[in-house]
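Hello,

I am handing over the structure below, with notes on what turned up in it. Please read them with the model open beside you.

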Amino acid sequence: MKTTSWRPIVVIVVLLAALVYVLPTLQMVLEKKESPTLWPHNKINLGLDLQGGMHLVLQVDTDKAVENTVDRSFDELRAFMRQNDIRVAALKRTDATTFTVVLDEREDADRSKGLIADEFRDFNLEDRTREGQREIVLQLKSDEIERVKKLSFEKAVLKVRNRVDEYGAREPDIRPQGEDRIIVQLPGVIDADKARKEIGRTGNLEFKLVDESNDVRQALSGSVPPGSEIRYYRKDDPDMAGRPILLKKETLLTGDYLSEARVKFDPANGQPYVAIKFNPKGARIFADITEKHIHERLAIVLDNEVYSAPEIQSKITGEGMITGNFTDDSAKSLALVLREAFPTPVKILYEKSVGPSLGEDSIRKGLLSMLIGGVLVVLFMIVYYKGSGVIADAALVLNIILIAGGLAAFNATLTLPGIAGIILTIGMAVDANVLIFERIREELRLGKTARAAVDAGFERATLTIMDANVTTLIAAVVLFQFGSGPVKGFAVTLSLGVVASLFTALIVSRVIFEFLLTKRSIKTLSI
């Protein structure tokens, strides 16, 4: 028999490593703790289907991102023509991605088109004549439309991830779906309303002047003055909740120019407020607004709700503040929404709360099926292969410990399909032992000794076992790469199970056979 001294050492090291990673989770279960205290502080994370929580589907309005891009370009074009003395008869928006410049009859069309083409390279330009007037039509290029949509979606995914991280959800699962949807799973979330509010808010910040020259009561009766609109104070304001206020329609500044938002406390009364800071361009705009409208009221509107409408006392440069009877929590929530405001509207398309009772029921049924399957397999192996069946069962138990250790070590999440993957790998682990045992039986029938039959049995079965498991492992990797949610959970446990199965069948079982045949001097095999 060949020297195999390295195999026992490898088995002991791998088994100890698996136990180290399993023990923290075992401690949590036995002592009913929420987090492990044993090193390495890794645990087996349970998915949404096992411990309950929230499932959200968010939809990103990427068309709005394109529209905003065209809006900005429209304003930039107007300023550009003013700076370059391009005389126009009209500048109008034709559709969502197109606008038209009607040139003054005295204007040199070729010169104007050349200047605009150099500056606005993301647009296709068409020069045409209509009713005797020269027009330049600018249409946003299709590849630029796709780029804007993709970029806005990626930013929205990042913002959702940042919000969830700051919200403090444990083991969140956030992933894009298709071109405009984001799947968010928050296992264990108890306060669903708070999670929904913090994650789903758009964070659209606007600064508008209060229309104090007209009466809000007359506006409420139906005679809203041209250029004005009725808005209402935020619902959770303890003093002003739901009260109407008349604002000018024009938005003077938006949250697009915001660079920072954090909670501060008024030293005079200890009341929290949100301090905001603008980027250089936003700071210049804000300074101009506050300089031109001293002693007027400037309303701060977030997601169509008025947070405050303070009077401007002096020119403000760089920083501002949002006050409004905040609690510590509501101020932190507002600062978070402003910092991580979505670049384009995002709405909750679908939401579902999974109760803890459903999670416990899923765990119970999943574990029960795994237990029943395991017991049946163990009994079959003992009945059919006698003493060798006990060796296969020992390898099977070690197989499950290795899978559990792998889940904890890689910080993977165990889902209900993942439990199905474990059950499947139990069958595969036994199948590998069956192949080996049948080869050993054949060798024994040929009259070989027990030690020679074991060596030959393992050597003959190894290639077959490798073929079957490697192809399964490739399929599992493909499932993990291209699958999502439950499919990924299944792929993770299947991959770990295949690797553990190969190790226990080809290494652990052989080590036990060799130990019995050499150290215990067993001459005949019970198989």
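Asp85 counts as exposed, because its relative accessibility is 59% and the cut-off for exposed is over 50%. Please bear in mind that this is a predicted model. Asp85 sits in the loop between helix 3 and strand 3 (88-95). Its phi is positive, at about 55 degrees, although Asp85 is not a glycine. Most residues other than glycine have a negative phi, and most peptide bonds are trans.

His41 lies in the loop between helix 1 and strand 1. With a relative accessible area of 46%, His41 is partly exposed. Pro40 belongs to the loop between helix 1 (6-31) and strand 1 (45-46). The peptide bond that leads from Trp39 to Pro40 is cis, and its omega is near 10 degrees.

Next, helix 4.

Helix 4 covers residues 109-119, and Ala109, Ser112 and Ile116 are buried in it. Seen down the helix axis, the buried residues fall within an arc of 65 degrees, so they line one face of helix 4. Asp110 and Asp118, on the other side of helix 4, are exposed. Which elements cover the buried residues of helix 4? The cover includes helix 3 (62-83) and strand 4 (98-103), along with strand 5 (123-130) and strand 6 (133-140). At the start of helix 4, a side-chain oxygen of Asp108 comes to within 3.2 Å of the backbone nitrogen of Asp110.

Now the empty space. Rolling a probe the size of a water molecule over the atoms shows where empty space is left. The search of the whole structure gives two cavities of 30 Å³ or more.

The largest cavity holds about 40 Å³ of space. Its lining is made up of Glu260, Arg262, Lys264, Ala275, Ile276, Lys277 and Glu319. By class, that lining has five charged residues, two nonpolar and no polar. Strand 13 (258-265) and strand 14 each supply at least two residues of the lining of the largest cavity.

Ala275 is in strand 14, which runs over residues 272-278. Ala275 is buried because its relative accessible area is 9%, and the cut-off for buried is under 20%. Apart from neighbours within four places in sequence, Ala275 is in contact with Glu260, Ala261, Arg262, Lys264, Gly320 and Met321. Met321 is 46 residues away from Ala275 along the chain, yet their C-alpha atoms are separated by 4.5 Å.

The second largest cavity holds about 30 Å³. Which residues line the second largest cavity? They are Leu396, Asn399, Ile400, Ile403, Ile422, Thr425 and Ile426. Helix 10 (356-409) and helix 11 are the elements that give two or more residues to this lining. Helix 10 gives the most, with four residues. Five residues of the lining are nonpolar and two are polar, with no charged ones.

Thr425, one of the residues that line the second largest cavity, is in helix 11 (residues 416-445). Thr425 is buried, with a relative accessible area of 1%. A polar atom of the side chain of Thr425 lies 2.7 Å from the backbone oxygen of Ile422. Leaving aside neighbours within four places in sequence, Thr425 is in contact with Asn399, Ile403, Thr493, Leu494, Gly497 and Val498.

Ile440 is also found in helix 11. Ile440 is buried, at a relative accessible area of 0%. Not counting residues up to four places away in sequence, Ile440 touches Ala453, Val454, Gly457, Leu525 and Ile527.

Last, the largest pocket. About 1800 Å³ of space lies in it. The pocket is lined by 43 residues, and those nearest its centre are Asn68, Arg72, Thr254, Asp256 and Tyr257. The lining divides by class into 16 nonpolar, 11 polar and 16 charged residues. Among the elements that each supply at least two residues of the lining are helix 3, helix 5 (142-167), strand 13 and helix 8 (280-292).

Regards

Terms used
Residues numbered from 1 in each chain as written. Predicted model: local features only at pLDDT ≥ 70, side-chain atom pairs only at ≥ 80, totals over all residues. Heavy atoms only, no water. Buried < 20%, exposed > 50% of the residue type's maximum accessible area, 1.4 Å probe, protein only. Contact = heavy atoms within 4.5 Å. Arc of directions from axis to C-beta. Polar contact = N/O pair within 3.5 Å; in protein donor to acceptor, adjacent residues only side chain to side chain. 1 Å grid on protein atoms, 1.4 Å probe; cavity = no way out; pocket = protein on both sides within 12 Å on 5 of 7 lines; lining within 4 Å. Points joined across faces, edges and corners; volume = space filled by probe spheres on them. Nonpolar A, V, L, I, M, F, W, Y, C, P; charged D, E, K, R; others polar.
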